[in-house]
Amino acid sequence: MKKKRIVVIGGSAAGPKTAAKARRLDEHAEIILLQKDKDLSMASCGYPYYVGGVFDDRNELISTPTGVVRNPKFFLNAKGIDARTETEVVAIDPKEHTVTCKHLQSGDVDTINYDKLVVCTGARPIIPPIPGTDLDGITTLQSMKDADFLRKIRDEKNIRKAVVIGGGLIGIETCEALELAGIDITVVELAPQLLTFLDWEMAEIVENHVRAKGSNVITNNGVAAFLGEGGKLTGVKLANGTELECELAVVAIGVRPNVDLAKAAGLTIGETGGIAVNEYMQTSDPDIYAAGDCVESRNVITNKKVHAPMGDLANLQGRVAGENVIAGNTATFSGVLQTGICKVFDFSAGSTGLSEAAAKQLGYDTYETVVNASPDKPGFMGANLLISKMLADKKTGKVLGVQCVGPGDVSKQIATAAMALKGGFTVDDLINLDMPYAPPFSLAIDHFVATAHLMQNKLKGRLQGISPCAVHEKLENHEKPFILDVRGPDEFEQMRLGIGETLIPLGMLRKRLEDLPEDKETEIICYCKISLRGYEASLILQAHGWKNAKVMEGGVMAWPYNREK
């Protein structure tokens with residue numbers, strides 16, 4: 001019986017996963033993995049942490065969990081896969097079922113036949129079309145070569161100032177890595193905020209933390225040119241004319257799918273610029289599959305096509321492709337939620353599903369939002385703050401998205417939310433969720449469940465919530481709501497907003513109702529540190545006849561603007 005030959009192009013994440021899955025399903029298939037770079041199966045999401053000195057052994061980026069380097073010898077001996085590095089595929093001929101490749105060291109050209117082909121060519125970093133991009137000192141963080149370059153800079157400690165262009169996941173992680181190396185960092189972001197997968201008020205909390213760690217942040221400004229002398233970078237010129245002195249610039253403004261081979265082979269390219277694939281990861285050619293950062297995916301909430309270049313998705317898609325090239329189309333990839341998370345110094349920031357900004361852009365008009373600020377565990381177990389924002393559909397109650405930031409266990413919150421979104425859960429499905437509980441891990445009512453409780457109260461009209469942004473807008477518009485801070489005097493002295501608030505501690509509120517506006521129609525906005533006491537205060541006021549008592553969601557801790565103290 002003729003052996004099936006599987007050829008996989010790309011050796012980073014999706015490619016090796018595809019090849020490994022195919023091998024597990026067919027011991028006798030001939031599997032060839034073609035990789036342009038010198039390294040294989042790189043843990044690219046670990047680059048910033050290698051650069052930052054979290055670990056020092058470069059091989060940890062290309063090793064198995066047991067420490068074996070994943071090189072061609074490993075793939076041949078352990079996997080039975082013919083992995084060829086420094087081998088660039090220059091053409092695909094779907095009619096002849098061949099790929100033409102060139103060995104970069106020898107220059108030898110080879111033509112390889114295939115029965116099934118899997119394209120995992122990844123994505124390329126976007127470089128702005130501006131003067132000076134050829135200067136020494138400008139890099140991305142997209143490859144092992146980039147990571148080696150930045151790690152060398154860290155170790156040599158000769159660079160004083162650097163600019164990170166782009167405030168997304170990679171930009172923020174690079175900012176932290178270089179800051180840990182003692183380099184003076186400025187992050188430049190064209191958008192009005194960092195981390196555009198978050199809503200502005202959530203991103204602003206993260207930005208405040210980045211500034212507190214010593215990094216400068218410039219938003220609403222792009223890069224107009226790189227400046228240099230003698231071929232070396234000396235500065236960056238911004239769109240508003242500002243010039244920033246620097247010896248290093250890291251460009252992290254996003255990536256584009258690498259589809260040159262696919263396009264030249266006549267494969268269909270989707271509306272997002274990625275290779276169009278079906279749920280089997282099959283392209284427009286039935287014998288060619290594709291996976292990873294080079295493909296476009298379906299957003300399971302909106303049903304729209306998106307480009308979602310994430311390492312976990314690349315592995316999942318590769319697993320599906322690897323099964324289908326061996327067993328036929330028996331495995332499916334159902335789509336993405338565009339879940340993401342990053343570490344930001346002592347904070348984490350994560351999101352899954354829709355943000356409010358995305359919901360507005362897509363034309364959703366029946367959503368509700370709620371913000372919850374609370375500890376991730378009891379204070380006696382070393383509690384850390386979490387600030388979450390949940391979106392849900394007002395009509396169906398279905399959860400549409402969750403964001404979470406703070407020094408607490410953000411990953412747990414986003415992982416739980418992603419499962420809820422994947423399952424199509426409603427808010428009512430979540431309010432009695434049986435989560436694992438013990439004081440070292442969570443509060444008795446987990447932060448995620450508490451967020452669902454707040455949303456349920458809001459959907460039922462029991463919580464008259466107002467966001468910090470809406471409160472700030474009222475004050476900017478010279479409206480004069482009665483602002484009620486119900487914390488204790490000691491808390492008020494330690495930290496206060498300075499927005500014209502009146503301090504009446506919750507325990508004194510029933511005794512001091514005469515200090516509130518006589519007009520029971522007056523808008524009263526209550527808050528405390530996290531607005532649990534603010535919620536209780538609003539219920540007391542409503543019970544005593546005030547008809548417009550609201551809660552500023554998230555309280556002082558969710559306030560993204562300057563504070564008086």
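Predicted model: local features only at pLDDT ≥ 70, side-chain atom pairs only at ≥ 80, totals over all residues.
Trainee: How is the chain divided into domains?

Mentor: The division gives domain 1 (5–122 + 256–327), domain 2 (138–253), domain 3 (346–459) and domain 4 (465–558), with bounds that come from an automatic or database domain assignment. Taken over C-alpha atoms, the centres of domain 1 and domain 4 are separated by 56 Å.

Trainee: Which residues does UniProt list for the Rhodanese domain?

Mentor: The unreviewed UniProt entry lists residues 477–565 for "domain: Rhodanese"; such positions are given in the numbering used here, feature names are shortened, and annotations may be inferred rather than shown by experiment. Over residues 477–565 the chain is 25% helix and 16% strand, with the end C-alpha atoms 23 Å apart, where helices (H or I, at least four residues) and strands (E, at least two) are DSSP runs numbered from the N terminus.

Trainee: New topic: where is His478, and what is its phi?

Mentor: His478 is in the loop between helix H13 (468–476) and strand E27 (482–485), and its phi is positive, about 65 degrees, although it is not a glycine. Most residues other than glycine have a negative phi.

Trainee: And is His478 buried or exposed?

Mentor: His478 counts as exposed because its relative accessibility is 67%; the cut-offs are under 20% relative accessible area for buried, over 50% for exposed and partly exposed in between, with a 1.4 Å probe and protein chains only.

Trainee: What about Lys157?

Mentor: Lys157 also has a positive phi, near 60 degrees, and sits in the loop between helix H4 (144–156) and strand E10 (161–165). With 57% relative accessibility, Lys157 counts as exposed.

Trainee: How many aromatic pairs are there?

Mentor: The structure holds four aromatic pairs, and one of them joins Phe74 and Phe75 in an edge-to-face arrangement, at 5.5 Å centre to centre with 80 degrees between the planes. Rings of Phe, Tyr and Trp (its six-membered ring) pair if their centres lie within 6.5 Å, and planes under 30 degrees apart count as stacked, over 60 as edge-to-face and the rest as tilted. Both Phe74 and Phe75 are buried, while Trp200, Trp559 and Tyr561 form one aromatic cluster.

Trainee: Which residue lies over the face of Trp546?

Mentor: That is Lys520, at 4.3 Å from the ring centre; a charge sits over a ring if NZ of Lys or CZ of Arg is within 6 Å of the ring centre and within 35 degrees of the ring normal.

Trainee: Switching to sheets, what is the strand order in the one with E5?

Mentor: The order is E4-E5-E6 in an open sheet of three strands with antiparallel pairing, and the edge strands, each pairing on one side only, are E4 (87–93) and E6. Two strands pair if DSSP finds at least two bridges between them; E4 and E5 have six bridges, with Thr100 in E5 as the bridge partner of Ala91.

Definitions and conventions
Residues numbered from 1 in each chain as written. Heavy atoms only, no water.
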